[in-house]
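I opened the notebook to go through one model, topic by topic. My entries follow the order in which I looked things up.

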Amino acid sequence: MKTEITTLLGIEYPIIQGGMAWVAEYHLAAGVSNAGGLGLIGAASAPADWVREQIREAKKLTDKPFGVNIMLMSPYADEVAKVIVEEGVKVVTTGAGNPEKYMEMWKEAGVKIIPVVASVALAKRMERAGADAVVAEGSEAGGHIGENTTMVLVPQIVDAVEIPVIAAGGIADGRGIAAAFMLGAKGVQMGTHFVVTEESQVHENYKEKIIKAKDIDSRVTGRTTGHPVRALRNKMTKEYLKLEKEGASFEELELLTLGGLRKAVVEGDVINGSVMAGQIAGMVTEKLSCKALVEKLVKETDALIKGAGFYE
Ligand code: TUI
């Protein structure tokens with residue numbers, strides 16, 4: 001499965017693990033990198049010293065490349081951007097904003113830069129600013145999302161830029177990966193399925209909630225506040241959406257979600273917490289090791305890409 005992405009990153013398979021807030025810590029990142037993909041540590045809203053420690057722990061578990069995802073709304077983004085350079089991290093991905101102000105510093109340090117984008121305009125801007133690749137994330141994804149689905153976003157971004165495109169949102173098996181390749185992507189980023197791997201440190205309740213989820217269990221809160229977030233439906237999303245319909249204030253809504261992800265991931269409160277997951281949760285039914293999952297994905301994709309003809 002050699003593509004421009006495996007060559008760019010020095011990895012075996014073009015499968016990247018999403019930099020999920022609270023979820024993407026060093027055990028998971030190292031597990032994915034050791035399996036031949038690219039693991040990511042999600043800096044989320046954590047202080048720079050936490051991120052530094054995570055990077056050092058990951059290095060103890062893997063000698064393969066791994067990356068760090070910076071959530072650009074974080075109050076610590078400036079400091080985390082520097083830690084990436086100081087600790088010699090090979091790859092950075094960014095989310096929820098425009099990373100332009102850090103790109104020169106990262107380029108000088110030889111860090112590969114892969115912004116996550118949800119629009120053609122930002123993809124083009126990132127290419128002009130010197131990005132090595134982009135992740136085109138469709139609205140099937142979990143967490144903070146854009147407007148377009150993966151199916152329409154990926155080919156439009158592929159046509160708009162020269163740099164390789166990585167597809168994200170709604171991918172959890174070989175069929176999704178093969179489909180992404182058909183749309184012109186050179187790699188994929190997956191989050192939800194990696195949440196339920198053995199290496200993932202999230203609370204068992206969170207994993208169970210994903211495994212039990214059906215196709216219709218996904219909700220998007222915050223469309224009215226300009227911060228749309230996809231999560232599995234529960235008491236919190238129900239109350240949130242009711243309040244949103246009634247025209248509640250930004251402050252009132254924030255109060256419901258504040259710390260909600262931590263509550264779900266760490267405490268296992270999947271009733272009042274925010275169980276961020278992609279729409280594909282309905283298809284995630286088993287807990288595997290990172291290695292077993294990556295091997296399964298590669299086998300399934302290979303069979304479809306190299307397999308017998310499609311037509312009868
Ligand atoms: O960033 C994500 N997904 C996330 S971040 C996150 S942390 C959070 N927690 C609670 C509430 C809100 C966030 C959870 N999930 N994905 C990458 C992504 N980036 N999706 C969409 C975007 C995006 C959106 C707008 C990127 C840039 C942008 O505008 C850039 C600009 O300023 O032009």
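**Entry 1: the model**

I note at the start that this is a predicted model. I kept that in mind for every entry.

**Entry 2: the ligand shell**

**Entry 3: polar atoms at the ligand**

I looked up N and O atoms beside the ligand nitrogens. At Ala-96, a backbone N or O atom lies 3.0 Å from a nitrogen atom of the ligand. At His-144, a polar backbone atom is 2.9 Å from a ligand nitrogen. Glu-137 uses its side chain: an N or O atom there is 3.1 Å from a nitrogen atom of the ligand. I checked the cover next. Taken alone, the ligand exposes 720 Å². The protein buries 67% of that area.

**Entry 4: Ala-96 again**

I went back to Ala-96 for its backbone. Its phi is near 60 degrees, a positive value in a residue other than glycine. I wrote down the background: most residues other than glycine have a negative phi. Where does Ala-96 sit? I placed it in the loop between β4 and α5 (100–108). Is Ala-96 buried, partly exposed or exposed? Its relative accessibility is 28%, so I logged Ala-96 as partly exposed.

**Entry 5: Trp-22**

I found Trp-22 in the loop between β1 (15–17) and α2 (26–34). Its relative accessible area is 48%, which makes Trp-22 partly exposed. The cut-off for exposed is over 50%.

How many salt bridges does the structure hold? I read off 19. The background is simple: side chains of opposite charge can pair when their charged atoms come close.

I started with Arg-52. It forms a salt bridge with Glu-86, and the closest N and O atoms are 2.8 Å apart. Which elements does this pair link? Arg-52 is in helix α3 (residues 48–61) and Glu-86 is in helix α4 (residues 77–86). They are 34 residues apart, so I filed the pair as a link between distant parts of the chain.

Arg-52 has another partner. Its side chain meets that of Glu-87 in a salt bridge at 2.9 Å, N to O. Glu-87 lies in the loop between α4 and β4 (91–95), while Arg-52 is in helix α3, so this pair ties together parts that are 35 residues apart in sequence. Are Arg-52 and Glu-87 buried or exposed? Both are buried.

I then traced the network. Asp-49, Arg-52, Arg-56, Lys-59, Glu-86 and Glu-87 are linked by salt bridges.

I turned to Asp-302 and Lys-306. They form a salt bridge, with the closest N and O atoms 3.4 Å apart. Both lie in helix α14 (residues 290–306). They are 4 residues apart, about one turn of the helix. Asp-302 has a relative accessible area of 25% and is therefore partly exposed. Lys-306 reaches 65%, so I marked Lys-306 as exposed.

**Entry 6: a nonpolar patch**

Which residues make the nonpolar surface patch? I listed Met-182, Leu-304 and Ile-305. The patch covers about 320 Å². Met-182 is in helix α8 (residues 174–182). At 66% relative accessibility, Met-182 counts as exposed.

**Entry 7: two distances**

I took Val-294 and Leu-38 as a pair. They are 256 residues apart along the chain, and their C-alpha atoms are separated by 11 Å. Val-294 is in helix α14. Its relative accessible area is 0%, so Val-294 is buried.

The other pair was Gly-226 and Phe-250. They are 24 residues apart in sequence and 9.7 Å apart in space, C-alpha to C-alpha. Gly-226 sits in the loop between β10 (218–221) and β11 (229–232). I logged Gly-226 as partly exposed because its relative accessible area is 47%.

Methods. Residues numbered from 1 in each chain as written. Predicted model: local features only at pLDDT ≥ 70, side-chain atom pairs only at ≥ 80, totals over all residues. Heavy atoms only, no water. Polar contact = N/O pair within 3.5 Å; in protein donor to acceptor, adjacent residues only side chain to side chain. Areas by Shrake-Rupley, 256 points an atom, 1.4 Å probe, with all protein chains shown as cover. Patch = residues over 30% accessible without salt bridge, like charges linked within 9 Å, V, L, I, M, F, W, Y side chains within 5 Å. Salt bridge = Lys/Arg side-chain N within 4 Å of Asp/Glu carboxyl O. Helix = DSSP H or I, 4+ residues; strand = E, 2+ residues; numbered from the N terminus. Buried < 20%, exposed > 50% of the residue type's maximum accessible area, 1.4 Å probe, protein only.
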